[in-house]
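I opened my notebook to go through this chain step by step. Here is what I looked up.

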Amino acid sequence: MVKEEKDETAVKVKAPKSEQTRALILETALRLFQERGYDRTTMRAIAQEAGVSVGNAYYYFSSKEHLVQGFYDRLAAEHEVAVRPVLDSEQDLAARMRGVLLAWLDVAERYRPFATQFFKNAADPESPLSPFSPESADARAAVIAIHERCLRGSGTKTDPELAPLLPPLMWLMHMGLVLFWVYDRTEGAARSRRLVARTAPIAARAIALSRFRVLRPLVRQVHEVLEEFLPGTAARPAG
């Protein structure tokens, strides 16, 4: 019994240090990716800069690609926290969608130089860095869940049959913003923010209209196209 209590205590003490080491490796990798470029940064260099052994670095992240997945997960977690104020206070769908997308721009701003470094790798559909890849499933699901919450908490009525299809479509709109943001060179991503301001009301209105019977076939057709060409990603309902 005493031994079990000691083991539990050891686990509790070890866990924070483990998380600190993982965070240190990830932070170091992000800095080196930004300074040297993704392709020219090796796991050995990351380990050396972080002050850990190469084996230890590979223990937490099995490859450079998994380090970028760690970045995706971090960005999704920071985004989830950033959207809480607007989702807790707004009911208008356009305002909620605008707030969700602007919150993403806010949390992503400090990663902007790094994002442009690895985008050419992420744009490859065969790459595990792609937001559509199986390796990105957890981060993708986390962001789709944010859009599902955005829709569910609004005052906009949607057809129950179509409701599960809408958050993945909202996520695709989000991915379009990410692509625009990567190439946006304006100060503070001003053009990306203007794009959000212009498109969020249009998207919200389209969602509101989707409940009408005459438009349901169109929404289903869009979903079928996504299901065929993006299997297992945008077509998967949130949750």
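Predicted model: local features only at pLDDT ≥ 70, side-chain atom pairs only at ≥ 80, totals over all residues.

My entries below cover an annotated region, a helix, the nonpolar cores and a pocket.

**Entry one, the annotation.** I checked UniProt, where an unreviewed entry puts a "DNA-binding region" at residues 42-61. I then looked at the fold of residues 42-61: 75% is helix and 0% is strand, with 12 Å between the end C-alpha atoms.

A helix has 3.6 residues a turn, so residues three or four places apart point the same way.

Which residues have the most contacts inside the largest nonpolar core? I found Ile25, Phe33, Ile46, Leu67 and Trp181, in a core of 43 residues. Elements giving two or more residues to this core include α1 (2-36), α2 (43-50), α3 (54-60), α4 (64-82) and α9. Another core, of 20 residues, lies apart from it and includes Val83, Leu165, Met170 and Ala204.

I turned to the second largest pocket, which holds about 270 Å³ of space. Its lining takes two or more residues from each of α9 (166-183), α10 (190-209) and α11 (216-229). Of the 14 lining residues, Leu166, Leu169, Ala206, Ile207 and Val219 lie nearest the pocket's centre. I sorted the lining by type and got 13 nonpolar, one polar and no charged residues.

Methods. Residues numbered from 1 in each chain as written. Heavy atoms only, no water. UniProt positions renumbered as here; feature names shortened; annotations may be inferred. Helix = DSSP H or I, 4+ residues; strand = E, 2+ residues; numbered from the N terminus. 1 Å grid on protein atoms, 1.4 Å probe; cavity = no way out; pocket = protein on both sides within 12 Å on 5 of 7 lines; lining within 4 Å. Points joined across faces, edges and corners; volume = space filled by probe spheres on them. Nonpolar A, V, L, I, M, F, W, Y, C, P; charged D, E, K, R; others polar. Core = buried A, V, L, I, M, F, W, Y, C linked by side-chain atoms within 4.5 Å. Buried < 20%, exposed > 50% of the residue type's maximum accessible area, 1.4 Å probe, protein only.
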